[in-house]
Amino acid sequence: MAHQGKPAYQQIASDIRQRIHDGELQAGDQLPTESDLMEEYGVSRIVIRNATDALQNEGLVVKRQGAGTFVREQRPMKRRISGDLYGKRPVSSPVRAATEASGRRGEYESSTRRTTATKAIAERLAIDPGDEVVRTSYKFFADSDVIKLSVSHEPLALTGGTPVEHPEGGPVTGVVPRFDLIGLHITSVVEEVTARAPRPQETESLKLPPGVPVIVVTRTYYVGELPVETCDIVVAAHQYALSYTIPIPPAEAAE
């Protein structure tokens with residue numbers, strides 16, 4: 001198991017959590033029985049129960065007496081925001097601009113690697129699970145405090161071998177200018193905003209107090225109907241309000 005050094009139940013919970021996150025286990029799916037998990041991980045029943053209890057406390061699973069443990073159905077209230085959210089040329093780092101406007105130093109760090117698409121990411125990018133993607137993880141800072149986490153995925157079939165394959169290492173940055181450079185013009189952006197319990201790594205990175213949820217913005221850029229980039233943005237719910245300005249096009253002149 002990964003994360004050696006942690007208690008066994010935390011390692012098992014982390015493994016199952018990742019299966020849910022990757023889409024291998026989806027809403028309504030039943031987890032393997034306690035006996036099956038005991039055999040898989042080579043641990044006692046109490047360790048398995050501690051692991052599933054931890055996942056239940058995070059709101060990821062629900063235990064049904066006499067039936068088993070199931071991936072919890074997430075039913076967030078979703079509101080679709082329509083309109084030109086980003087304009088023709090969005091700034092490459094609006095977070096930095098907003099941070100510096102508040103009088104704090106805005107910085108970020110990133111890490112990019114090639115990997116393969118999980119089932120969940122493949123569905124969002126309209127590719128096959130296992131297809132190669134470019135994955136970039138970001139941490140955004142205000143002075144020395146981490147204020148936002150973000151992970152983006154792009155199909156390698158679109159950017160591989162081009163000047164913009166590395167999102168932060170090419171001649172331009174920002175999703176729209178980068179894809180413009182290779183002849184793919186972004187036509188729309190779809191965002192879904194939800195709230196959930198934080199994962200352990202998010203709690204640690206964002207220094208979240210107990211009981212504070214996170215806001216997750218799932219953002220996908222499209223060229224026509226083709227998704228070309230998708231990302232997950234995570235911020236602390238007690239520190240952020242999401243504010244959008246949506247231009248209204250002028251009414252057509254009467255004939």
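Student: How many bridges join S5 to strand S8, and which way do they run?
Tutor: Five bridges join S5 to S8, which covers residues 226-236, and the two strands run antiparallel. One spot to look at is Ser 152, which stands opposite Cys 231 in S8. Keep in mind that this is a predicted model.

Student: What about S4 and S5, how many bridges there?
Tutor: Ten bridges join S4 (residues 132-142) to S5 (residues 145-155), and this pair is antiparallel too. Val 133 stands opposite Pro 155 in S5, and Ala 142 has Asp 145 as its bridge partner.

Student: What holds strands together in a sheet anyway?
Tutor: Backbone hydrogen bonds: strands of a sheet pair through them, either parallel or antiparallel.

Student: How many residues sit between the strands in the hairpin of S4 and S5?
Tutor: Two residues lie between them, and in that hairpin Asp 143 takes a positive phi near 55 degrees.

Student: Switching to helices. At what angle do H2 and H3 pack?
Tutor: About 105 degrees, with the axes of H2 (residues 34-41) and H3 (residues 45-57) 9 Å apart. H2 and H3 are therefore roughly perpendicular to each other.

Student: Which residues make that contact?
Tutor: From H2, you have Glu 34, Ser 35, Leu 37, Met 38 and Tyr 41, and from H3, Arg 45, Ile 48 and Arg 49. Sorted by class, the contact of H2 with H3 has four nonpolar, one polar and three charged residues.

Student: Which residues touch the most other members in the largest nonpolar core?
Tutor: Ile 12, Ile 16, Ile 20 and Tyr 41, out of 16 residues in that core. H1 (8-22), H2 and H3 each supply at least two residues of this core.

Student: Pick Ile 16 then. What does Ile 16 touch?
Tutor: Leaving out residues up to four places away in sequence, Ile 16 touches Leu 25, Leu 31, Leu 37, Tyr 41 and Leu 55.

Student: Which residues does the second core include?
Tutor: That separate core has ten residues, among them Phe 141, Leu 149, Val 214 and Val 216.

Student: Last one. Where is Gly 211 found?
Tutor: In the loop between H8 (200-206) and S7 (214-223).

Student: Is Gly 211 buried or exposed?
Tutor: Exposed, because the relative accessible area of Gly 211 is 80%, and the cut-off for exposed is over 50%.

Student: How far apart are Gly 211 and Pro 198?
Tutor: Along the sequence, 13 residues; in space, 8.9 Å from C-alpha to C-alpha.

Methods:
Residues are numbered from 1 along each chain as its sequence is written. This is a predicted model: local features need pLDDT of at least 70, side-chain atom pairs count only at pLDDT 80 or more; totals for chains, interfaces and linings use all residues. Side-chain values use heavy atoms; hydrogens and water are left out. Axes are lines fitted to C-alpha atoms, for helices over the stretch in contact, and angles run from 0 to 180 degrees between N-to-C directions. Helices (H or I, at least four residues) and strands (E, at least two) are DSSP runs, numbered from the N terminus. Angles under 35 degrees count as roughly parallel, over 145 as roughly antiparallel, 65 to 115 as roughly perpendicular and the rest as oblique. Contact means heavy atoms within 4.5 Å. Ala, Val, Leu, Ile, Met, Phe, Trp, Tyr, Cys and Pro count as nonpolar, Asp, Glu, Lys and Arg as charged, and the others, Gly among them, as polar. Two strands pair if DSSP finds at least two bridges between them. A nonpolar core is a set of buried Ala, Val, Leu, Ile, Met, Phe, Trp, Tyr and Cys residues joined through side-chain atoms within 4.5 Å. Buried means under 20% relative accessible area, exposed over 50%, partly exposed in between (1.4 Å probe, protein chains only).
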